[in-house]
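Q: I have a new chain open and have not looked at it before. Can you walk me through it?

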Amino acid sequence: LSSPSGLTHESHKKDVEQVYLRCSEGSIEWMYPTGALIVNLRPNTSPASYKHLTVCIKPFKDSAGANIYLEKTGELKLLVRDGDRSPSKVYCFGYDQGGLFIEATPQQDISRKITGFQYELMNKGIASDLHTVSAPCRPCSDTEVLLAVCTSDFVIRGSIQDVTNKAEEQESIIHVGVSKLYRQKSKVFQLTGESGNWRGQIKTLLECGVKPGDGDFLFTGRMHFGEARLGCAPRFKDFQRMYKEAKDKGLNPCEIGPD
């Protein structure tokens, strides 16, 4: 978490302050913005790997007081306009496309403004999974499912208990009852209540039209800004079939108990 403050140099409203961040994920909170802020992301990885990285930012819900630009060799491309209230919107770009330039907008009272956002750096392959431009709701192929089992942040067997649609955010929240937990990177799925049942929530696009229904599914996906995002989710009986077929041929990319 980095929290610079514009009040430290309010008399120099054209000042440009530099911030260097070494973490692969975190947040920026610029209190009382004046002048401009250059955010330099310098992850603790080899510079040779930078070209394979994607940067994603998610503005805080009440972020205000500055425009956020993508800057490269002096050219600015507007990413987030001050006052844009698109809820939960995520902005992604290649690490090699430039850095972040945040410029305060003129304010009568800067003490009422705080500009902030979360950021994540990730491998370009993972980022493309999260932000599929074409056919984001299409079913995964057998090969994609088997690979997702090996590489996803979470893999669970469960059923859809309920679905909450958020029209404003263009998202659906899938309420999942878990019957078997194979893997989870973060504690999204937890034991709840005296019954000791595992439950959790997974987000997906509203346009995919997910509805409650009978039967178990194999849910896979990735963590994105602290939320579980749905990847491949075949019916569990279909996963059992494809896993057995691949195992019989020696083609399954990793071992997992499908029962």
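A: A definition to begin with: two strands pair if DSSP finds at least two bridges between them. Helices (H or I, at least four residues) and strands (E, at least two) are DSSP runs, numbered from the N terminus.

Q: What kind of model is it, and how are residues numbered?
A: This is a predicted model, where local features need pLDDT of at least 70, side-chain atom pairs count only at pLDDT 80 or more, and totals for chains, interfaces and linings use all residues. Residues are numbered from 1 along each chain as its sequence is written, and side-chain values use heavy atoms, with hydrogens and water left out.

Q: How many helices and strands are in the chain?
A: The chain has three helices and 15 strands.

Q: Which residue in S8 is the bridge partner of glutamate 71?
A: Glutamate 71 has glycine 99 as its bridge partner in S8. Strand S5 (residues 66-72) and strand S8 (residues 99-104) run antiparallel and are joined by six bridges.

Q: What is the strand order in that open sheet of five?
A: The order is S1-S3-S8-S5-S6, and the pairing is mixed. Strand S1 (16-21) and strand S6 (75-80) are the edge strands, each pairing on one side only. On average, neighbouring strands of this sheet are turned by 30° against each other, direction ignored. Such angles run from 0 to 180 degrees between N-to-C directions, with axes as lines fitted to C-alpha atoms, for helices over the stretch in contact.

Q: New topic. How do H2 and H3 pack?
A: Helix H2 (residues 142-151) packs against helix H3 (residues 236-248) at an angle of about 90°, and their axes are 10 Å apart. The two helices, H2 and H3, are therefore roughly perpendicular to each other (65 to 115 degrees counts as that; under 35 is roughly parallel, over 145 roughly antiparallel, the rest oblique).

Q: Which residues meet there?
A: From H2, Asp142, Val145, Leu146 and Val149 meet Phe239, Arg241, Met242, Tyr243 and Ala246 of H3. Contact means heavy atoms within 4.5 Å.

Q: And the hairpin, which strands form it?
A: S14 and S15 form the hairpin, with two residues between them. Phenylalanine 225 in the turn has a positive phi of about 50°. Strand S14 (residues 217-224) runs antiparallel to strand S15 (residues 227-230), with four bridges joining them. Glycine 221 stands opposite leucine 230 in S15.

Q: Last one: how much of the chain is buried?
A: Of its 259 residues, 40% count as buried (under 20% relative accessible area; exposed is over 50%, partly exposed in between, with a 1.4 Å probe and protein chains only).
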